[in-house]
Amino acid sequence: MDHQPKFFENLSGTGKAIGVLTSGGDAQGMNAAVRAVVRMGIYVKAKVYFVYEGYQGMVDGGDNIVEVSWESVSSILQVGGTVIGSARCKSFRTREGRLQAAYNLVRRGITNLCVIGGDGSLTGANLFREEWSGLLEELAQKGKIDEEAVKKYAYLNIVGMVGSIDNDFCGTDMTIGTDSALHRIIEVVDAIMTTAQSHQRTFVLEVMGRHCGYLALVSALACGADWVFIPEYPPEEGWEDSMCVKLSENRARKKRLNIIIVAEGAIDCHNKPITSEKVKDLVVQRLGFDTRVTILGHVQRGGTPSAFDRILASRMGVEAVLALLEATPDTPACVVSLSGNQAVRLPLMECVQMTQEVQKAMDEGRFVEAVRLRGRSFENNLNTYKLLSQKKPDAELPKSNFNVAVLNVGAPAAGMNAAVRAAVRVGITEGHKMFAVIDGFEGFARGKIKEISWGDVGGWTGQGGSILGTKRTLPAKYLEKIADQMRTNNINALMVIGGFEAYESCLQLHDARSRFEEFCVPICVLPATISNNVPGTDFSIGADTALNAIVETCDRIKQSASGTKRRVFIIETMGGYCGYLANMGALAAGADAAYIFEEQFDIRELQANVEHLTEKMKTSIQRGLVLRNENCNENYTTDFIYQLYSEEGKGVFDCRKNVLGHMQQGGAPSPFDRNFGTKISAKAMQWISKKLKETYRKGKVFANTDDSVCLLGMRRRNLVFQPVAELKNETDFVHRIPMEQWWLKLRPLMKILAKYKTSYDVSDSGQLEHVAMHSPKEAETGAI
C-alpha cells in the first residue's frame, strides 16, 4: 500500500488546552497514559492540565486543576495506580455538578478532555459534552461568564481511553491494566502450584471480574486450570458431577494438584451466584480432597505495570492527543482502542452501547450471544480453553491414522512449552498420533523421537525454556537421515516451533522436496524467539517475556541512578540485528535513546544525545538511560559508547554500563506469551488437520504446493498462514531480519516522549471506524 506519509507537524496545538483525568477504578498503566498525553500535548505546543481526583476534582476546581510541565510526569511510567487520583463522584451525576465543572474548565480555557477510565466514566464524559453549550449559556445567564467566552469555548472535544483491569469494554482487544492484572494473577498461581503439589491439594482461586470473565478465562488458559467459572458461560446443569469426575480423573492420572478459577461474578444457568466457598465445600464433601480458597482481591489492581501495558498506554495517549487535535465540532466523542496490533478510533457511545448489550444478554440468559458480543478475542479464548482443558474418552476420539511430529528449533524462548502442549492436545483431539522430537533437527536425524500423550504435557504452560530441548542446527546437512526418520516413523506432518532458524529450516525442507518425497507433507512454523525477528509476523512467542525482563531491570537501574544523581546508564540488550527489544524496551522504560541496527547513526547523533543528556541534567530529572542493541554497529560498541559518554559528560554526569545477557531468555513465560503460544498453536494444528485431509490421496499424504509449508503469524489485526516461499522476498537473510518492521513506526514515539524533535508519520492513525459486529465464522479466522 503506497500511501504518502502524513506527518503531524501541521497539527498544531497552539492555543489549545487539554485536561487529563483518571476516573473510576484504578488500573496499572494509567500513569503511562497520563505521561504520554502530557508530553505529546506539550510537544504540539498545547497547554496541558491535570484534573486531580477525577470528576470530583473537576467539580471542586481550585487546586484540583493545575497546568503541568514536562517534568511533572517524570518517573511515573513504572508506578501502578494513578498519580492524579481517581474518585467516584456523586455530584457530577447532577446537572448542578456538571455546571460547576463546566465553569471550572472554561475559566482555564480547557475545551479538550482526555478521560481515562471505564464505561461509566466515559458515558459521563459524553453526557457532559452533549450538555456543554447549554451549560455555557446557563453560566452566561447567571453572569458567571461573558458572551465572548460562550462563543470562544463553544465546543467540548472528548477522547476516551479505557483503563480497566477487567477488559470488559467492547470494541478494544485489550484495555489498559488487563495485562498487568494477569501478571499478578499468574505470579500467584505459579507460587500456589508449588505448595499445592507438595501437599496434593486443590486450590480454588477467586479473581476479579464482577460482570466479565476475561481475567478468569485467560488465567485459566495460561496456567492450564482444571475448571473455570465465568459469568458469560455458565456451566450446564449437573456441572457439579462433571467437575468432580474430572478432578478425580486427574488425581488418578498422578496429577498432584487441581486448580479451579472462579470469577467473582460467576453464575450458574439459573443466574444464581457460584462462589469460591461453594466450590470448595462441594469438592470437600464429594471427594474429600484437601481444598483451600485464595481470594486475590485488590492485589490484581496493584504493582507495577507490565511492558505491554506501558507500551499500549503510551501509544493510546499519543493517539488520543492526535484525535483531539483533529477533532471538529461534528466529531463524535471517540475512544482510542486496540484491534490486533492496530490503534483505532471508535465512537464512544457505540462501544458503551455494545458493552451494555453484553450485560443485557447475560441478564436475560442469552449466554451464547453474550460471548459473541464480547468480541472475537474473547470467543477465541473460550473455544481454545474448551478444546484444551478436557480430554474426551478414547472411544469418542476420531481416528485419523495420521502421525504429526512437533519440534523446537533455535534458541529457547519462554512460551514454547505452552505451544507444544496446545499442539499435542489439539492433535489428539483431532484424532492424530502425536510425536515429540527431542533436540531439534539434530535430534530428529539421530532418531530421538517418541510418541507423546495428553497427560505428558500437563503443567507445561508455566515452564520457561524448552522442555523438548532445542538446537540451532539447520536440517540441510542431515536431510537424508531426517527423511529416513520421517519414513520409519511414518510422519505425515510437522509443526516447527522456533525463531529465524525454524523459518530457515522449513525453507530448506521446502526446497528439498524435489529430492525427498518424505518432505511432501504439511509443515507449519510457529514464530518463537525473544528477538522478534521472524518475517511474516508482528509478534513472536517469547518476545513479551524478554521485554518484561528488560523493563524490570531498567526500572531498578533507574532507581539506582535517581539515588546517585547525575548518572547515565548504557544498557545492552539482545536481539541479534533486530532492534525490537532495544526500541520497545526503551519505550516501556522511558529511556532517553535506543541505538538500533535498523536506523543507522553516526558520531554526530551520539554527540547530540550527549548534549541532550547534559541539558537534562540541568533540570530536576538528573538521570539518564540509554539502550543499545547488541549488533547495532560494529564500531560503536557498548564500551565505545560508554567511554564516549564518560569523556563528554565529565563534570556533568558519570556513566555506568550493563550487559543484560541471557537473563532475557530465561524465566517463566508472561501471560501474553502463554496465551499467544497456546492460541496460535491450537490454530496451527487445526490448519495441519485440514491440510492432511486435503492432501490425502490413495492411502498416503502428498503435499507439494507452496501453501503446504506455511508460517502462522500475527499481521496487524489477523492471524495469517503465509507460505514460507513467499516470505523469502520479505527477508534480509544476511542480518536475519524482515525487510519491513511495523515497530519502527513507534520509534518517533519514544523520541517524542524523551523530548527530541522528530517527525511522526500519522498516516496509519485512526480514522473513526465503527464497532464491527463479527460473525461466528470470523471468530475462526480472526484475531487472537
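In this predicted model, Arg 95, Arg 98, Leu 99, Ala 101, Ala 102, Tyr 103, Leu 105 and Val 106 of helix H3 are in contact with Leu 127, Phe 128, Glu 131, Trp 132, Gly 134, Leu 135, Leu 136, Glu 138 and Leu 139 of helix H4, contact meaning heavy atoms within 4.5 Å. Helices are DSSP runs of H or I with at least four residues, numbered from the N terminus. The contact of H3 with H4 comprises 12 nonpolar, 1 polar and 4 charged residues; Ala, Val, Leu, Ile, Met, Phe, Trp, Tyr, Cys and Pro count as nonpolar, Asp, Glu, Lys and Arg as charged, and the others, Gly among them, as polar.

The axes of H3 (residues 95-107) and H4 (residues 119-141), which are lines fitted to C-alpha atoms over the stretch in contact with angles from 0 to 180 degrees between N-to-C directions, come within 9 Å and cross at roughly 75 degrees. H3 and H4 are therefore roughly perpendicular, a class that spans 65 to 115 degrees.

The largest nonpolar core holds 187 residues, of which Met 161, Ile 261 and Leu 494 touch the most other members. Such a core is a set of buried Ala, Val, Leu, Ile, Met, Phe, Trp, Tyr and Cys residues joined through side-chain atoms within 4.5 Å, where buried means under 20% relative accessible area (1.4 Å probe, protein chains only). Helix H10 (residues 307-326) supplies the largest share of this core, 13 residues. A second, separate core of 42 residues includes Ala 17, Leu 113, Leu 156 and Ile 158.

Asn 583 lies in helix H19 (residues 580-589) and is buried, at 0% relative accessible area.

Residues are numbered from 1 along each chain as its sequence is written. Local features need pLDDT of at least 70, side-chain atom pairs count only at pLDDT 80 or more, totals for chains, interfaces and linings use all residues, and side-chain values use heavy atoms, leaving out hydrogens and water.

Note on methods:
Buried means under 20% relative accessible area, exposed over 50%, partly exposed in between (1.4 Å probe, protein chains only). Helices (H or I, at least four residues) and strands (E, at least two) are DSSP runs, numbered from the N terminus. Angles under 35 degrees count as roughly parallel, over 145 as roughly antiparallel, 65 to 115 as roughly perpendicular and the rest as oblique.
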